[in-house]
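I set down here, in order, what I looked up in this structure.

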Amino acid sequence: MRGAVEVVGVTAAAMLSRLARPAAVLSRGLATSAQNNAKVAVLGASGGIGQPLSLLLKNSPLVSRLSLYDIAHTPGVAADLSHIETRANVKGFLGPEQLPECLKGCDVVVIPAGVPRKPGMTRDDLFNTNASIVATLTTACAKHCPEAMICIISNPVNSTIPITSEIFKKHGVYNPNRIFGVTTLDIVRANTFVAELKGLDPARVSVPVIGGHAGKTIIPLISQCTPKVDFPQDQLEKLTGRIQEAGTEVVKAKAGAGSATLSMAYAGARFVFSLVDAMNGKEGVIECSFVRSEETESPYFSTPLLLGKNGIEKNLGIGKITPFEEKMVAEAMAELKASIKKGEDFAKNFK
């Protein structure tokens, strides 16, 4: 692999220091590119995440075609976005019979479809509804755009990524380097919260977050933060807990009106822009994502990934971590493996 050759002799820690700054990544979506012809589909484009995500993608000259799919309201959302003075051609697709046409020729498919959390719900409580939605949509992807990069936002990500993998395996088109669980919001939150506590510019802070995308499976590696920061143990534990429960913080604040949608749309766009940059040949693009992995005993695990033209070029692994962080990794394993098995079992029985 080209990327693997480039990073021979470079430590994971050294690569981590090159993690793209969040604002810089998003602004790349607003910069010109020599190969700004990405065809992107958003499945669930009329929802709370789908609409602002589609707006951010429409605002980017990296995107030449934006295909918006949902079971309601997509003609209106597409008409609205199509009036924006940027080059992406926008088209709305409504209902299952129009899904194949939506996916045809896509380079990247982003899936925020599903129901949001309400107060008192865990991400796992969404499983029954969202598992079926993700399985249905990824079946269509496996049939109509098997080579596309698949970016899953729909929760519970710890289960929906295994579901996606199993669906692609069923259709004989599985490529683990092209299926991503978008955990970027955990990184965005970690960067923001650390910056607030230290009086730093959040755009200059970079905290890798590994593990999964629910509760204690979210493992921020504050010890690998750029720039280097130190916290007393009690403050570190409080900060870690806030990053892990930040989604619940938003759910409670919205008081039944939904979950994190705007920040999730920002994070989703950041990930897509990084992926498209890498697909366009930009080197040194690194993002954390929940993917098929051999870094731990968990078959799926989020770590920093070097992205390239064909998806994952190299898994950069966990790197050097503290005993506190090691303990979090160990304590996340049982929940991670259970969520993964739940997803795999669902997909195997899905008709």
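Against which elements do the buried residues of helix 5 pack? I found that they pack against helix 4 (50–58), strand 2 (63–70) and strand 3 (89–94).

**Conventions.** I note that this is a predicted model, in which local features need pLDDT of at least 70 and side-chain atom pairs count only at pLDDT 80 or more, while totals for chains, interfaces and linings use all residues. Residues are numbered from 1 along each chain as its sequence is written, and side-chain values use heavy atoms, with hydrogens and water left out. Helices (H or I, at least four residues) and strands (E, at least two) are DSSP runs, numbered from the N terminus. I take contact to mean heavy atoms within 4.5 Å. Buried means under 20% relative accessible area, exposed over 50%, and partly exposed in between, with a 1.4 Å probe and protein chains only.

**Helix 5.** I listed the buried residues of helix 5 (residues 74–82) as Thr74, Val77, Ala78 and Leu81. They cover an arc of only 95 degrees around the axis, so they lie on the same side of helix 5. The arc is that of the directions from the helix axis to the C-beta atoms. In the loop between strand 2 and helix 5 I came to histidine 73. Histidine 73 is not a glycine, yet its phi is positive, about 70 degrees. At 61% relative accessibility, histidine 73 counts as exposed.

**Annotated residues.** I consulted the UniProt record, an unreviewed entry, which places the feature "binding site" at Arg117, Arg123, Asn155 and Arg189. The lining of the largest pocket includes Arg117, Arg123, Asn155 and Arg189. For this term, a 1 Å grid is laid over the protein atoms alone; a pocket is an open set of points with protein on both sides within 12 Å along at least five of seven lines, whereas a cavity is a set where a 1.4 Å probe fits but cannot get out, and lining residues have an atom within 4 Å of a point. UniProt also places the feature "active site" (unreviewed entry) at His213. I keep in mind that UniProt positions are given in the numbering used here, that feature names are shortened, and that annotations may be inferred rather than shown by experiment.

I then took three of these residues in turn.

- Asparagine 155 is in the loop between strand 5 (149–152) and helix 8 (157–170), and it is buried at 17% relative accessibility. Not counting residues up to four places away in sequence, I find that asparagine 155 touches Arg123, Leu126, Asn130, Thr160 and His213.
- Arginine 189 belongs to helix 9 (residues 184–198) and is buried, with a relative accessible area of 7%. Leaving aside neighbours within four places in sequence, its contacts are Arg123, Ala246, Gly247, Val250, Ala260 and Ser263.
- Histidine 213 lies in the loop between strand 7 (209–211) and strand 8 (218–220) and is buried, at 3% relative accessible area. With neighbours within four places in sequence left aside, its contacts include Arg123, Asn155 and Asp186.

**Peptide bonds.** Which residues does a cis peptide bond join, with omega about -5 degrees? I found asparagine 155 and proline 156. A further cis bond runs from threonine 226 to proline 227, with omega near -5 degrees. Proline 227 is in the loop between strand 8 and helix 10 (233–244).

**Aromatic rings.** I paired rings of Phe, Tyr and Trp (its six-membered ring) if their centres lie within 6.5 Å, with planes under 30 degrees apart counted as stacked, over 60 as edge-to-face and the rest as tilted. By this rule I count four aromatic pairs. The rings of phenylalanine 127 and phenylalanine 346 have centres 5.6 Å apart and planes at 90 degrees, so this pair is edge-to-face. Phenylalanine 127 lies in helix 7 (residues 127–144) and phenylalanine 346 in helix 13 (residues 323–349), so the pair ties together parts that are 219 residues apart in sequence. I also noted that Phe127, Phe346 and Phe350 form one aromatic cluster.

A charge sits over a ring if NZ of Lys or CZ of Arg is within 6 Å of the ring centre and within 35 degrees of the ring normal. I found the charged end of lysine 342 over the ring of phenylalanine 127, 4.6 Å from its centre.
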